[in-house]
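Here are a few notes to go with your first look at this one. Have the structure open while you read.

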Amino acid sequence: MDEPLRVGLVGAGPWARTVHAPGLADHPSTRLSAVFTRREEAARELAQPYDAEVCTSLDDLLGQVDAVAFAVPPSTQAELAVEAAKAGKHVILEKPIAADVAGAERLADAVAGAGVASLVMLTLRYATATRDWLAGLAAAGGWSGGGVRWLSGGLLGGAYAASPWRQADGGTLADVGPHAFDLLDAALGTIERVRSAHRGPNDLWHVVFEHAGGALSSATMSLRLPMRPTVVEFAVYGEHGYRTLGRKEGGAAQSYTAMLDDFAAMVDTGTTSHPCDVHRGLHLQRLLENALSLAR
């Protein structure tokens, strides 16, 4: 691109401050040009170090940017990102992309109808180690099953424990479920069915999936267990043995940079399809809703 993409940031919470804002400001193909949030003072505090404009409305922000990055609760994102897409702005979305399937469908339809680029910040998928692991699995083939363990005390304390949507609305399923389900799907084939789901004490989830081709997998997840460090391990098994993948702490910034590499390339070439685009977000939203309905 001749000029960096002008990107507006919606949201000014911890994730916006520590990942989105510095990532957008530091990448050679993007510029953090405007910030909007409901609390103008928070927007001003975030925008000031980057010389970004402080906007008092979404329309104000949309008039100044080429793309919009969202760091807000799912229900808010689903509403505002529809407006951004209809205004012809490319979008960077957080997971889950909406609070429910209906909201995710409206967002996916708006993005498709506008012909804009979209990416979902599925942090693990952009990491080099993950890409290499998935490429190795695809080359080998013959995987019959797998699983993930994601066990943490993230909602007991820390930077994101005070997040209302995580505490009251989403919990473990909405917060880390998209990451877990996405990577199992990418490793073993499209998840076609949630076979069972159980939610126990400490928001401990056990979910079993059936994949295209017959593989079975499971996810065990909680963000309310007093565990340090966090346990994150993916595994697959089959004809070529047993292969695992962990999560590197502090890798969000590197993943965000890799995501922006892909995002800038999509905008530059007019590409709207990507393994982690809004339609991926919709697929994951449906899996989340299926798991939730089975656990009730």
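1. A term to start with: buried means under 20% relative accessible area, exposed means over 50%, and partly exposed lies in between. Glu 105, with a relative accessible area of 32%, is therefore partly exposed. Keep in mind that this is a predicted model.

2. Now the sheet. It is open, with six parallel strands in the order β3-β2-β1-β4-β5-β6. β3 (53-55) and β6 (118-120) sit at the edges with a single partner strand each, so one side of each has no neighbour in the sheet. From one strand to the next, the twist averages 25°.

3. Look at β1 (residues 5-10) and β2 (residues 30-36): they run parallel and are joined by six bridges. Val 10, for instance, has Phe 36 in β2 as its bridge partner. Helix α2 (residues 40-47) packs on the sheet and touches β1, β2 and β3, with its direction at about 165° to that of β3.

4. On to charges: there are 12 salt bridges. One of them pairs Asp 66 with Arg 6, with the closest N and O atoms 3.0 Å apart. Asp 66 lies in the loop between α3 (58-62) and β4 (67-70), and Arg 6 is in strand β1, 60 residues apart.

5. Back to Glu 105: which residue forms a salt bridge with Glu 105? Arg 286 does, the closest N and O atoms being 3.2 Å apart. Here helix α9 (residues 278-295) is linked to helix α5 (residues 101-114), the two residues being 181 residues apart. Arg 286 is partly exposed, at 38% relative accessibility.

6. Arg 199 and Asp 203 also form a salt bridge, at 2.7 Å between the closest N and O atoms. Arg 199 is partly exposed at 46%, whereas Asp 203 is buried at 6%. Elsewhere, shared partners join Arg 125, Asp 182, Asp 185 and Arg 280 into one salt-bridge network.

Conventions:
Residues numbered from 1 in each chain as written. Predicted model: local features only at pLDDT ≥ 70, side-chain atom pairs only at ≥ 80, totals over all residues. Heavy atoms only, no water. Pairing = 2+ DSSP bridges. Helix = DSSP H or I, 4+ residues; strand = E, 2+ residues; numbered from the N terminus. Axes fitted to C-alpha atoms, helices over the stretch in contact; angles between N-to-C directions. Contact = heavy atoms within 4.5 Å. Salt bridge = Lys/Arg side-chain N within 4 Å of Asp/Glu carboxyl O. Buried < 20%, exposed > 50% of the residue type's maximum accessible area, 1.4 Å probe, protein only.
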